[in-house]
Amino acid sequence: MLTLIHAPQSRSSRIVWLLEELGAPCDIRYVTIPRMDGSGGPDADNPHPDKKVPALLHDGALVTESVAIVQYLTDLHPKAGLAPLAGDPKRGAYLTWLAWYAGVVEPVITHEFLKIDHPNLERTFRGRKEVDGRILDALGRHAFLVGDDFSAVDVVFASLGHWFRSALPAGDRVDEYVKACIDRPAFRRAMERDKPRA
Ligand SMILES: N[C@@H](CCC(=O)N[C@@H](CS)C(=O)NCC(=O)O)C(=O)O
């Protein structure tokens with residue numbers, strides 16, 4: 001049995017969306033987290049070692065980190081077609097986008113948001129110009145980031161663009177991309193499950 005540890009309107013919302021795309025049955029355990037406005041707080045019921053979300057429990061095994069959970073869930077549901085399988089020529093690009101999101105995109109946009117600048121950060125991660133360039137290059141060549149088929153990579157990137165539009169490159173092409181992703185019925189169903197709890 002799968003249980004998603006979830007706080008509405010947070011990084012775990014994208015996992016609710018992915019579950020809807022996969023048609024995967026999963027219990028949702030709602031937890032509190034500290035919010036930017038000072039509300040909320042860590043939840044004793046959250047098994048995440050840092051009391052963050054998302055976290056996934058599968059028959060007692062704990063998985064944390066959004067992209068690990070994305071990979072874990074798409075592996076469990078290969079027939080859903082949201083991730084190229086081992087042996088598919090697109091598999092390398094797909095895994096690269098996922099790892100690059102966690103390892104580079106999130107740090108780069110966090111540094112930008114916090115206005116933190118240092119030559120060693122640029123050396124390690126490159127910067128916003130390189131992030132934007134890679135996304136625009138892919139979307140200039142195909143409908144979605146890994147090709148013309150929607151994939152779990154698009155759940156990750158479009159959810160970022162939906163919550164924080166300026167974290168993706170400006171312009172019509174990215175507007176159109178985010179819209180195409182969030183116009184999907186699975187996204188609308190996920191948003192119904194993602195409403196703040198009273
Ligand atoms: N790298 C983690 C980041 C998770 C994360 O920072 N989640 C935020 C919600 S958007 C959180 O749980 N914050 C609560 C806290 O910092 O205590 C992932 O992608 O899963």
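Two residues count as in contact here when their C-beta atoms, placed from the backbone, lie within 7 Å. Keep that in mind as you look through this predicted model, where residues 24 or more positions apart account for 59% of the contacts with a separation of 6 or more.

Now for the overall build. You'll find eight helices and four strands in the protein.

What about the overall dimensions? The C-alpha trace spans about 40 × 40 × 30 Å along its principal axes. For 198 residues, a compact globule would have a radius of gyration near 16 Å, and the protein comes in at 17 Å, so the two agree. As for burial, 30% of the 198 residues are buried.

Next, the domains. The protein splits into domain 1, made of 2-82 plus 187-193, and domain 2, which covers 91-184. So where do the two sit relative to each other? Taken over C-alpha atoms, their centres are 21 Å apart. Where they touch, domain 1 puts in 13 residues and domain 2 puts in twelve.

Zoom in on the domain 1 side of that contact. Two helices to pick out are α1 (13-22) and α2 (66-76), each of which supplies at least two residues to the side touching domain 2.

Terms used. Residues numbered from 1 in each chain as written. Predicted model: local features only at pLDDT ≥ 70, side-chain atom pairs only at ≥ 80, totals over all residues. Rg over C-alpha atoms; globule rule 2.2 N^0.38 Å. Buried ≥ 20, exposed ≤ 12 C-beta atoms within 10 Å, placed from the backbone. Domains from an automatic or database assignment.
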